[in-house]
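Okay, everyone, thanks for coming. Let me put this one up on the screen, and then I'll walk you through a few spots.

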Amino acid sequence: MNTDIIEGKWKEIKGAVRAKWGDLTDDELEQVAGERERLEGLVQQKYGRTKEAAKKEVDDFLSKL
């Protein structure tokens with residue numbers, strides 16, 4: 001899923017993101033606003049993933065939407 005689609009459908013996707021990564025707060029998800037890199041950064045920070053692992057995890061998640 002490309003960045004434009006993610007940003008355009010963020011309100012729809014946000015619920016699925018919240019279900020997958022429950023430690024992310026509503027405020028953090030609002031700040032992401034569909035920006036893939038910000039989501040990757042939050043996953044990396046909140047879950048202690050490496051940059052590469054967070055990117056792969058987000059890629060895998062988005063490919064299933």
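Glu28 sits in helix H3, residues 26–32; helices here are DSSP runs of H or I, at least four residues, numbered from the N terminus. Glu28 counts as buried because its relative accessibility is 15%, and the cut-offs are under 20% for buried, over 50% for exposed and partly exposed in between, with a 1.4 Å probe and protein chains only.

Quick housekeeping. This is a predicted model, so local features need pLDDT of at least 70 and side-chain atom pairs pLDDT 80 or more, while totals for chains, interfaces and linings use all residues. Numbering runs from 1 along each chain as its sequence is written, and side-chain values use heavy atoms, leaving out hydrogens and water.

Now the inside. The largest nonpolar core has 15 residues, and Trp10, Val17, Trp21, Leu24 and Leu39 touch the most other members. By core I mean buried Ala, Val, Leu, Ile, Met, Phe, Trp, Tyr and Cys joined through side-chain atoms within 4.5 Å. Helices H2 (10–20), H3, H4 (36–47) and H5 (51–63) each give two or more residues to this core, and H5 gives the most, with four. As for Trp10, beyond four places in sequence it touches Val17, Leu29, Val32, Ala33 and Gly34.

Note on methods. Contact = heavy atoms within 4.5 Å.
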